[in-house]
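Subject: Handing over the structure, with notes

Dear colleague,

I am passing this structure on to you, and I would be glad if you could look through it alongside the notes below. Please open it first and then read on.

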Amino acid sequence: MAEATRTEHAVSLNPATGEVIARHAFDNREAVEAALVRTAAAARVWRDTPVAQRANVLVQLARVLRERKTEFALMMADEMGKPVAQARGEVEKCAALCEWYAENGPAMLAPTSVPVLQGTARQEFRPLGPILAVMPWNFPIWQVLRGAVSMLLAGNTYVLKHAPNVMGSAYLLRDALAATDLPAGAFEVLNLPPEDVAPVIADTRIAAVAVTGSVRAGAAIAQLAGAALKKCVLELGGSDAFIVLADADLDDAVRSAVLGRFGNTGQVCLAAKRLIVEAPVAAEFEARFVAAVKALRMGSPRDEANFIGPMARYDLRDELHGQVERTLAEGARLVLGGHKVEGPGNYYEPTVIADVQPGMTSFREELFGPVASIIVARDAQHAVEMANDSEFGLGGTIWTRDLERADAMAAQIETGAVFINGDVATDPRVTVGGVKKSGFGRELSSFGMHEFCNVQTVWTDRR
């Protein structure tokens, strides 16, 4: 680590008040080396631990998460402004993830036998070793455990480089895992500035890299991983299309659009962002949607009644506001909101922009905050064309009563996931991940489990 950064800190601000919560000193070179020594040693032990024992650790972790649910939820509310009811839901979702993999994951790691010429062969799923994970702040524990649970069950160890504004959540998670039978060193936390990540990626003890974050961060880390010939999985930004056709159930579509766009204060990668509505119902959808958004309560994330909290970082609010202003200058129509909230805290008004056209800022770029863009499509094919007119390819949604048509449209949409007549969601039984600039590789399900396995062929010649 460079001398100039050894005394620096990761500063965590309460976005609801602007007050400093904590200053966490960055790890120096000696601390990083000690963590890598520990995780490499733990990897040698953990890889030989029976899968059933690894699964039991996940059961234990689920119990600890539920026991400390309130502590985690309040930490997330204070560190990044997540409304506390949504924060408790995040903790519960993580606990359920642990239990699902504990029950179903061992079968995914069982060897598979294959007959071959003059013999038999089997495919074994071996761990790779220590995995470095660079994680974002918007879901401080779900984003971590979404990958870590399957990596640990597969016999890998996990080194977390978390976002600097949620280091309190990172340390709480480390403490929760320390309360299980996971070997010391199997889950390590590094507090590093961005410039100090490269040497960790290059270190021979790190076997692979997982990243969730921005396109810029993902591209930089992928370049470093590629130079070191290490596998990486990237889940990056998204500008998901939310298609509403003329025959859709508008009550359900509006409800889902509001939840999908304004949940977590709009700070979600896989979420409704570009609301593409077929012309015959565009005016009615807009009216209903705006009325529903107006009814949302915004305020302190510790208040159970509030659905929208402050944005997590002040710089991101400034960036979002700039995107809104550029979109309006390009000819879009402001329907609701569009301003920073004056006073303490990092609040931005729930905002709806209409008459958005391809090429405008909010059509081209990801808007990571409580802003919805309404786009009118001539027909279903036009909606698909506009959905694909994006450098992103994370998710998308289709609302129509014609399920056969929805399936045909889904086959044309260039994304990692398509949701038909339902809310955008993640579930351990199916994968999450993107195409184009939304990244590559998958998390969750058996596909996510096997991403960080050495799929080894063991061939026995019977001649």
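This is a predicted model: local features need pLDDT of at least 70, side-chain atom pairs count only at pLDDT 80 or more; totals for chains, interfaces and linings use all residues.

Residues are numbered from 1 along each chain as its sequence is written, and side-chain values use heavy atoms, with hydrogens and water left out.

I begin with the nonpolar cores. A nonpolar core is here a set of buried Ala, Val, Leu, Ile, Met, Phe, Trp, Tyr and Cys residues joined through side-chain atoms within 4.5 Å, where buried means under 20% relative accessible area, exposed over 50%, and partly exposed in between, with a 1.4 Å probe and protein chains only. The largest such core has 102 residues, and the members that touch the most others are Leu65, Tyr101 and Tyr158. Its largest share, eleven residues, is supplied by helix H4, which covers residues 84-108; helices (H or I, at least four residues) and strands (E, at least two) are DSSP runs numbered from the N terminus. Returning to Leu65, its contacts (heavy atoms within 4.5 Å), leaving aside neighbours within four places in sequence, are Phe72, Val91, Cys94, Ala95, Cys98, Leu145 and Leu173.

Helix H4 also packs with helix H5 (residues 142-153), at an angle of about 15 degrees and with the axes 10 Å apart. The axes are lines fitted to C-alpha atoms, for helices over the stretch in contact, and the angles run from 0 to 180 degrees between N-to-C directions. That makes the two helices roughly parallel, since angles under 35 degrees count as roughly parallel, over 145 as roughly antiparallel, 65 to 115 as roughly perpendicular and the rest as oblique. Among the residues that meet here are Cys94, Cys98 and Tyr101 in H4, and Trp142, Leu145 and Val149 in H5.

Next come the salt bridges, each defined as a side-chain nitrogen of Lys or Arg within 4 Å of a carboxyl oxygen of Asp or Glu; by this rule there are 31. In one of them, glutamate 92 pairs with lysine 69, with the closest N and O atoms 3.2 Å apart. Because glutamate 92 lies in helix H4 and lysine 69 in helix H3 (residues 69-80), the pair ties together parts that are 23 residues apart in sequence. Glutamate 92 is partly exposed at 29% relative accessibility, and lysine 69 is likewise partly exposed, at 22%.

Arginine 313 and aspartate 315 meet through their side chains in another salt bridge, at 2.7 Å from N to O; arginine 313 is partly exposed at 30% relative accessibility, and aspartate 315 is partly exposed at 41%. Salt bridges with shared partners also join Arg66, Lys69, Glu92 and Glu99 into one network.

Finally, arginine 288 is found in helix H10 (residues 279-294) and counts as partly exposed, at 32% relative accessibility.

With best wishes
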